[in-house]
Amino acid sequence: MNMLALKRVTRHFGGLAAVNEISFEAESGQVTGLIGPNGAGKTTLLNLISGLDQPTSGEIHFLSQPIHKLPPHKINQLGIARTYQNIRLFAEMTVLDNIIVGMHTQGKASLLDAALMLPGYRAEEKRLREQALQLTQRLGLEKFKDTPADALSYGDQRRVEIARALATHPKFLLLDEPAAGMNDAETARLGELILSLAKEGLTVLVIEHDMPFIAQVCDHVVALNFGEVIARGTMDEIKANPLVVAAYLGEEESANA
Ligand SMILES: Nc1ncnc2c1ncn2[C@@H]1O[C@H](COP(=O)(O)OP(=O)(O)O)[C@@H](O)[C@H]1O
Ligand SMILES: [Mg+2]
């Protein structure tokens with residue numbers, strides 16, 4: 001079954017088509033990889049799916065429902081959560097509090113309950129803390145739970161972002177370069193985490209430049225260049241695709257120029 005379907009999605013910035021008539025589906029329970037050189041339109045596409053930005057034209061459907069006109073919090077409530085290429089944590093807040101912030105979009109207690117510190121609110125706070133604590137354990141962040149986020153390494157901060165996204169109990173997780181700033185051991189552990197989440201039924205769309213990582217975690221890969229899909233298939237198929245090879249060679253040449 002398709003969890004997510006993009007239908008001729010386009011996003012213009014002035015004269016630039018950052019995303020140009022992109023169509024593809026992400027299958028339920030699978031890990032889909034999104035690759036492509038810098039500027040290919042990967043982050044723009046994630047912004048469109050998560051509601052941070054709206055397409056100029058085209059449609060995005062999640063569980064058969066159109067979402068391309070919904071604001072980010074509504075999309076999150078439907079079950080889509082994300083992390084950011086440029087980490088967005090509250091720098092001075094502890095790791096645990098950063099995760100709890102992610103949960104409040106789903107909270108049942110009202111603001112009035114909170115203001116009056118009613119028992120319902122306190123019970124909910126306790127429940128959220130318990131859940132946040134479990135997430136720190138799962139992500140190997142327990143020892144940092146009371147540490148301010150900005151005291152952590154990049155790799156650890158990326159794991160806090162993933163914990164915060166998971167705190168909303170998503171069906172679909174979007175990751176924008178989650179391995180950036182991680183060493184090889186951290187990247188391998190991240191791969192194992194993603195595979196175990198997928199095994200539990202989470203559907204994932206992941207942007208990454210690290211090709212061994214993409215090969216490790218992805219069932220299906222979509223390659224972009226200049227805002228368009230240039231190839232899709234298994235990692236083996238993608239690696240052998242001349243358009244993909246040319247796109248990455250082009251990037252190296254412009255970097256060396
Ligand atoms: N808000 C914006 N305004 C203008 N141009 C943008 C904006 N966001 C992205 N772009 C441009 O769109 C293209 C795709 O960017 P992006 O989606 O960030 O690529 P990627 O994530 O694949 O590296 C780039 O040329 C970028 O400069
Ligand atoms: Mg990007």
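1. Two residues are taken to be in contact if their C-beta atoms, placed from the backbone, lie within 7 Å. The structure is a predicted model, in which local features need pLDDT of at least 70, side-chain atom pairs count only at pLDDT 80 or more, and totals for chains, interfaces and linings use all residues. Residues are numbered from 1 along each chain as its sequence is written, and chains are lettered from A and ligands numbered from 1 in the order in which they are written.

2. On the contact criterion, Val95, Asn98, Ile99, Val101 and Gly102 of α3 meet Val160, Ala163, Arg164 and Ala165 of α6. These residues comprise six nonpolar, two polar and one charged; Ala, Val, Leu, Ile, Met, Phe, Trp, Tyr, Cys and Pro count as nonpolar, Asp, Glu, Lys and Arg as charged, and the others, Gly among them, as polar. Helices (H or I, at least four residues) and strands (E, at least two) are DSSP runs, numbered from the N terminus.

3. The axes of α3 (residues 95–103) and α6 (residues 154–166) come within 7 Å and cross at roughly 35°. Axes are lines fitted to C-alpha atoms, for helices over the stretch in contact, with angles from 0 to 180 degrees between N-to-C directions. The crossing is right-handed, that is, the near helix is turned clockwise from the far one by less than a right angle.

4. Arginine 164 belongs to helix α6. It counts as buried because it has 26 C-beta neighbours inside 10 Å; the classes are buried at 20 or more other C-beta atoms within 10 Å, exposed at 12 or fewer, and partly exposed in between, with C-beta atoms placed from the backbone. Beyond its neighbours within four places in sequence, arginine 164 contacts Asn98, Ile99, Val101 and Gly102. Its C-alpha atom is 7.5 Å from that of methionine 103, 61 residues away along the chain.

5. An open sheet of four strands has the order β2-β1-β4-β5, with antiparallel pairing; strands pair if DSSP finds at least two bridges between them. The edge strands, β2 and β5 (65–66), each pair on one side only. Two antiparallel bridges join β4 (residues 57–62) to β5, and phenylalanine 62 has glutamine 65 in β5 as its bridge partner. Helix α1 lies across β1 (2–13), β2 and β4, at about 65° to β2.

6. The shell around ligand 1 includes Phe13, Leu16, Asn38, Lys42 and Thr43, a residue being near if its C-beta atom, placed from the backbone, lies within 6 Å of the molecule. Its largest share, three residues, comes from α1. The shell divides into four nonpolar, six polar and one charged residue.
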